[in-house]
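Colleague: I am new to reading protein models. Could you take me through this one, a step at a time?

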Amino acid sequence: METFFFMIVAAVAVLASILVITCKNPINSALSLILTFFCLATLYVTLDAPFMAAIQVLVYAGAIMVLIVFVIMLLNVRTESGRRSSHSVLFGSLIGLFTLFQLFYLFNRSSLTGQKGTIDSALINKVGHTELIGKALYTDFLLPFEVTSILLLVAIIGAVVLTKKKI
Amino acid sequence: MLGAYLPILVLVAIAVIFGLCSLVFSSLIGQKKPSVVKLAPYECGCEPVGSARERFSVKFYIIAMLFILFDIEAVFLYPWSVLFKRLGMFGVMEMGVFIVILFVGYIYVWKKGALEWE
């Protein structure tokens with residue numbers, strides 16, 4: 001049942017991703033990207049990471065999409081017309097095939113599963129995903145958490161400096 | 001485990017079905033008597049002046065960027081609020097430092113007039 005569910009969600013995710021790069025109108029691409037983000041959120045839920053799923057919807061499908069739509073408005077990207085050049089199709093296909101070959105090689109030859117950590121599905125179901133993330137973030141990784149605020153501060157100043165005409 | 005998320009799935013399904021039904025049934029049973037006036041694009045009752053596909057000012061973009069940055073700040077508050085009682089005073093202190101550093105950024109944005117629509 002879960003495998004079947006995963007198949008459906010994965011298929012929708014791949015189809016939506018293909019739509020993102022094939023749609024002529026950039027707004028349609030952005031809408032397809034939202035669908036991809038929602039599928040990813042569903043996959044997070046199936047991986048016992050509900051907090052990540054919620055953040056995926058809140059930040060990516062919510063905030064990042066607003067930014068992408070604003071970029072489309074800002075650059076005034078028009079509906080794409082005409083065909084892509086055959087060179088880019090050729091090179092793109094070659095790189096895609098190469099990456100696919102690499103992936104198959106990786107899956108067949110090497111062991112992808114590394115050393116298992118202490119946090120598994122049973123613990124997540126018992127304690128809760130958000131609690132575990134919070135505990136790690138606010139006790140074990142206290143300094144990185146505080147440094148994040150400085151990173152955000154730099155980003156805020158950068159945003160103002162880049163867009164204001166007169167500072 | 002996944003059964004707990006069934007209501008969300010049902011909600012998504014209802015939303016999709018509602019959207020599809022609205023479109024399909026209105027195109028199937030709705031009356032279509034188009035006229036020149038009915039098909040004319042309108043905005044708030046006024047005649048449109050030029051195309052809507054124009055370059056927008058960068059002023060919109062800074063609002064979006066600041067929204068994302070303070071959205072990320074809010075994201076860090078969610079797990080903190082879940083653990084609020086267990087972290088105790090220590091949690092209040094560390095979140096206080098976090099918020100104060102970002103508040104400096106907020107003051108900067110405010111003082112530089114980035115929130116004003118000039």
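Colleague: Leaving aside its neighbours within four places in sequence, which residues is A:Thr163 in contact with?

Modeller: Happy to start there, with a word on the ground rules: this is a predicted model, where local features need pLDDT of at least 70, side-chain atom pairs count only at pLDDT 80 or more, and totals for chains, interfaces and linings use all residues. Residues are numbered from 1 along each chain as its sequence is written, chains are lettered from A and ligands numbered from 1 in the order in which they are written, and side-chain values use heavy atoms, with hydrogens and water left out. Contact means heavy atoms within 4.5 Å. With neighbours within four places in sequence set aside, A:Thr163 is in contact with B:Val58, B:Ile62 and B:Met65.

Colleague: Is A:Thr163 buried or exposed?

Modeller: A:Thr163 sits in helix α7 of chain A, residues 142–163; helices are DSSP runs (H or I, at least four residues), numbered from the N terminus. Buried means under 20% relative accessible area, exposed over 50% and partly exposed in between, using a 1.4 Å probe and protein chains only. Because its relative accessible area is 15%, A:Thr163 is buried.

Colleague: Which backbone oxygen does the side chain of A:Thr163 reach?

Modeller: Let's follow that side chain. At 2.6 Å, it reaches the backbone oxygen of A:Ala159.

Colleague: What about A:Asp48: is it buried or exposed?

Modeller: A:Asp48 lies in the loop between α2 (26–46) and α3 (50–75) of chain A. Its phi is near 60°, a positive value in a residue other than glycine. Its relative accessibility is 10%, so A:Asp48 counts as buried.

Colleague: Which helix gives the most to the nonpolar patch of chain B?

Modeller: Patch members have over 30% relative accessible area and no salt bridge, and nonpolar side chains (Val, Leu, Ile, Met, Phe, Trp, Tyr) are joined within 5 Å. This surface patch, which includes B:Phe56, B:Phe60 and B:Trp110, has about 850 Å² of accessible area together. Both α3 (58–82) and α4 (84–111) of chain B supply at least two residues each. With four residues, the top contributor is α4(B).

Colleague: How far apart are the end C-alpha atoms of residues 60–80 of chain B?

Modeller: UniProt lists residues 60–80 of chain B among those under "transmembrane region", though such annotations may be inferred rather than shown by experiment. In the model this span is 100% helix and 0% strand. The distance between its end C-alpha atoms is 31 Å.

How values were computed:
Patches are made of residues with over 30% relative accessible area and no salt bridge: like charges are joined within 9 Å, nonpolar side chains (Val, Leu, Ile, Met, Phe, Trp, Tyr) within 5 Å. Accessible areas come from the Shrake-Rupley method with a 1.4 Å probe; for residues, only the protein chains shown count as cover. A salt bridge is a side-chain nitrogen of Lys or Arg within 4 Å of a carboxyl oxygen of Asp or Glu. A polar contact is a pair of N or O atoms within 3.5 Å; within protein, one must be able to donate a hydrogen and the other to accept it, and residues adjacent in sequence count only if both atoms are side-chain atoms.
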